[in-house]
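Let's take a walk through this protein together. Have the sequence and the model side by side.

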Amino acid sequence: MEFTLLEAFLLGTFYWFTWMDFCIAPLNSWATWQDSVLVGFVLGLAYGDVQQGLYLGGTIGLVFIGANSVGGNLGSDVSLASIIAIPIALKFNWDANTALVVATAFGLVGSFVDTFRRLINSYWHRDAERRIKERKYKSLWIDAFAGPWVVAYIVRAVPLTLLIYFGGTQMGDIVSKLPEWIMNGFTVVGGLLPALGLILCCAMMGRKELYPFFIIGYYMSTLCGWTTLTILVFAVIFALFYMRFTSNPDESSEGLDIDFKALMKVDSSKSELTIRDHARLYMRTLLWFRESQSLEYFFGVGYMYIMKPALEKLYKNDPDGYQEAMLRHLTPFITEPCMGACIHGLSLAMEEEKSKGAPIEGQDIITMETSLMGPMAGLGDSIFWTTAISIIKSICIAGAIAGHWYAAFGIMLWGILANVIGWFSHLIGYNLGGQSIIQLLQKGIFQKILLAVSVIGFTMMGVMTASNAHINAVFRITNDYTIQGFLDEALPGALMMIFCWCGFNYMSKGGKFVKMLLVTTIIGLLCGFAGILG
């Protein structure tokens with residue numbers, strides 16, 4: 001069983017496709033195609049074993065469930081991890097624990113690949129600036145997406161193609177011939193790593209006082225044996241009660257004089273931009289905003305490119321004003337894509353007023369964007385990309401491990417919802433204005449929503465830990481009595497709870513996930529080799 005050149009080429013190209021960075025559902029990579037469950041489904045389909053592909057994808061997803069991009073920086077690459085480990089596992093009949101160990105190692109390597117890509121992409125910002133100064137606006141598509149696509153293919157697809165073609169078969173043969181004591185070490189690490197991913201999710205939610213809900217979820221699963229869906233219903237009830245009895249009565253929405261229905265419309269009689277112009281801008285956001293991400297300028301080139309048609313219309317009689325506006329939106333820009341879309345709308349509103357002669361300086365627009373990037377990113381990341389998506393992924397992972405094919409597509413629904421939220425956020429920003437947005441944030445409405453979702457998140461992370469992570473202390477106290485047997489009599493799952501609490505406490509104090517991952521892997525391997533754990 002060898003990997004052919006065509007097979008390796010297709011896997012490398014598939015890896016490149018998963019990182020196309022489209023935001024439009026169902027092509028959105030950051031919410032769909034980089035998900036290990038969907039990757040496992042596709043590869044399982046290609047290799048003739050969909051259920052095993054789903055199982056492997058779900059198992060790998062447990063470790064990377066909290067691997068979200070923070071500040072544009074990738075902690076680990078679940079797509080690379082899945083596309084290397086799953087095909088080899090399917091071809092050489094690896095068990096899930098072995099595949100998980102290999103996937104984790106390559107997932108960490110993927111973060112360096114992404115850093116290298118973003119370093120090269122800084123060139124496209126400088127080239128875009130040159131084109132704007134020379135007023136060669138029609139060729140900006142090269143800097144916005146075509147050039148970055150070529151760079152991404154060279155950096156991602158080519159090395160992976162070569163790695164799989166020249167090394168995939170050898171890797172499969174070597175692992176298949178390893179002795180039992182080494183495989184036992186892989187089994188131990190494979191049982192611990194899922195817990196680390198779930199611990200990372202809880203730590204990212206940032207609410208140490210909610211950890212008891214993690215324990216409740218764990219024991220509702222282990223002792224009661226309830227299904228994931230049943231516990232999810234109880235988690236929602238827990239969240240409502242907790243929010244009700246811990247909320248501050250001073251926090252309310254009183255004082256907000258906002259007509260939200262009016263915010264969903266664009267009055268063409270008062271605005272030069274029509275709803276069609278806004279829809280076009282938002283569609284460009286979903287397609288081209290993230291493609292040219294760089295280390296130095298983040299999404300600056302993409303932001304400029306999505307604004308181009310609207311700015312061209314607003315400054316159609318002012319070539320110098322149009323050029324200045326294009327350069328203005330080429331400055332470094334980064335925020336969360338759902339809530340942050342309101343910045344696009346607000347910026348358009350300010351540009352429209354400026355084009356009509358209002359006393360608005362270009363620096364005022366840049367200052368507005370910069371001042372809102374952080375708050376909107378913090379809010380959006382906390383609600384959508386740390387808590388809510390972790391809950392949705394946990395449900396999809398549970399379905400994938402159980403062999404349900406539709407679990408692979410559950411994450412697409414989240415991508416569609418994210419697109420809808422982003423569209424409304426854009427219109428709200430255009431109609432509402434910066435001060436009202438800040439006022440809305442200060443009223444505590446979103447904090448209550450985040451609290452409720454976090455309670456559900458902690459509970460479901462406990463459930464997933466109970467279902468998919470395990471520690472088995474096989475070292476014998478006597479001939480007939482193991483450490484695990486003693487612990488199970490005292491409190492079932494006590495060892496796993498101690499492990500999770502130590503990991504959560506370490507992460508809550510600012511610990512590094514990669515360091516915790518490496519230490520756990522080394523200790524797990526050594527304990528497995530020595531026969532202490534199994």
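Is S79 buried or exposed? With a relative accessibility of 1%, S79 counts as buried, where buried means under 20% relative accessible area, exposed over 50% and partly exposed in between (1.4 Å probe, protein chains only). Keep in mind that this is a predicted model, where local features need pLDDT of at least 70, side-chain atom pairs count only at pLDDT 80 or more, and totals for chains, interfaces and linings use all residues. Residues are numbered from 1 along each chain as its sequence is written, and side-chain values use heavy atoms, leaving out hydrogens and water.

You'll find S79 in helix α5 (residues 78–92); helices here are DSSP runs of H or I with at least four residues, and strands are E runs of at least two, numbered from the N terminus. Leaving aside residues up to four places away in sequence, S79 touches Y15, T18, W19 and Q34, a contact being heavy atoms within 4.5 Å. One of those neighbours, W19, has the charged end of R156 sitting over its ring, 4.3 Å from the centre; the rule asks for NZ of Lys or CZ of Arg within 6 Å of the ring centre and within 35 degrees of the ring normal.

Zooming out, the protein has 23 helices and 2 strands, and 58% of its 534 residues are buried.

Now for the rings. Phe, Tyr and Trp rings (six-membered for Trp) pair if their centres lie within 6.5 Å; planes under 30 degrees apart are stacked, over 60 edge-to-face, the rest tilted. That gives 33 aromatic pairs. Y282 and W423 have ring centres 5.8 Å apart and planes at 50 degrees, so this pair is tilted. The two belong to distant parts of the chain, 141 residues apart, in helices α13 and α18.
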